[in-house]
Structures are given as structure tokens and as C-alpha cells.
Amino acid sequence: MSESESMLLKVEGMDCAHCVRAVTEAIKAEDPQAEVVVDLNAGTVSATTILPRPRVATLVEEEGYTVAQG
């Protein structure tokens, strides 16, 4: 089993509870043990997960949000 990694992604387009739920559920669907914190005011998603950063970014983008590169 892979080791969990903490990451912070800057995400555009999130502004409500539905956004929080959609992003959280998308990540947890692939890693049920993931810890996900969405900060709408800061426009960030903080995740501690076994998933690699590019996969987390893809999952967020598949929900309709834009992940800033960098």
C-alpha cells in the first residue's frame, strides 16, 4: 500500500456546499481513507491521500473546476 501524501491545490470555480461535496466525494471514491478539506474562501483543496497529485487534480477537474498549475 502506498504512503499518504499531503497536497494543496489551488482550485477555481468552487463557491458552495455542493462544490465541497462533489470534490470530496470524487477523491474519496478512489481513496476512501483520504482526508479532504475544501476552503471556499481561499479557493483551495487540501488532501492527504495515497493518490498521486496529478490524479487528484484530474478528479477535481472532472467535477468541473479548474486546478491552477504550479
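Q: Helices are DSSP runs of H or I with at least four residues and strands are runs of E with at least two, both numbered from the N terminus; which pattern does the protein follow along the sequence?

A: The model is predicted, so local features need pLDDT of at least 70 and side-chain atom pairs count only at pLDDT 80 or more, whereas totals for chains, interfaces and linings use all residues. Residues are numbered from 1 along each chain as its sequence is written, and side-chain values use heavy atoms, with hydrogens and water left out. In this case the protein has two helices and four strands, and along the sequence they follow the pattern β-α-β-β-α-β.

Q: How should I read the radius of gyration, and what is its value in the protein?

A: The radius is taken over C-alpha atoms, and the globule rule is 2.2 Å times the number of residues to the power 0.38. For 70 residues a compact globule would have a radius near 11 Å, and the protein agrees because its own value is 11 Å. Along the principal axes, the C-alpha atoms fill a box of roughly 35 × 25 × 20 Å.

Q: Which residues are in contact with Thr24, leaving aside its neighbours within four places in sequence?

A: Contact means heavy atoms within 4.5 Å. Thr24 is found in helix 1, residues 17–30, and, with those sequence neighbours set aside, it is in contact with Val36 and Val38. For the protein as a whole, among contacts between residues at least 6 apart in sequence, 65% join residues at least 24 apart.

Q: Is Thr24 buried or exposed?

A: Buried means under 20% relative accessible area, exposed means over 50%, and partly exposed lies in between, with a 1.4 Å probe and protein chains only. Thr24, with a relative accessible area of 17%, is therefore buried, and across the protein 37% of the 70 residues count as buried.

Q: Where is Ala47 found, and which residues is it in contact with beyond its neighbours within four places in sequence?

A: Ala47 is found in strand 3, residues 44–49, and is buried because its relative accessible area is 0%. Beyond those sequence neighbours, Ala47 is in contact with Glu5, Ser6, Met7, Glu35 and Val36. Its C-alpha atom is separated by 11 Å from that of Val60, which is 13 residues away along the chain.

Q: How far apart in space are Glu62 and Ala26, and how far apart are Thr66 and Ala29?

A: Glu62 and Ala26 are 36 residues apart in sequence and 8.7 Å apart from C-alpha to C-alpha, while Thr66 and Ala29, 37 residues apart in sequence, have 19 Å between their C-alpha atoms. Glu62 is in helix 2, residues 53–62, and is exposed because its relative accessible area is 55%. Thr66 is in strand 4, residues 66–67, and counts as partly exposed because its relative accessibility is 42%. Apart from its neighbours within four places in sequence, Thr66 is in contact with Lys10, Val11 and Glu12.
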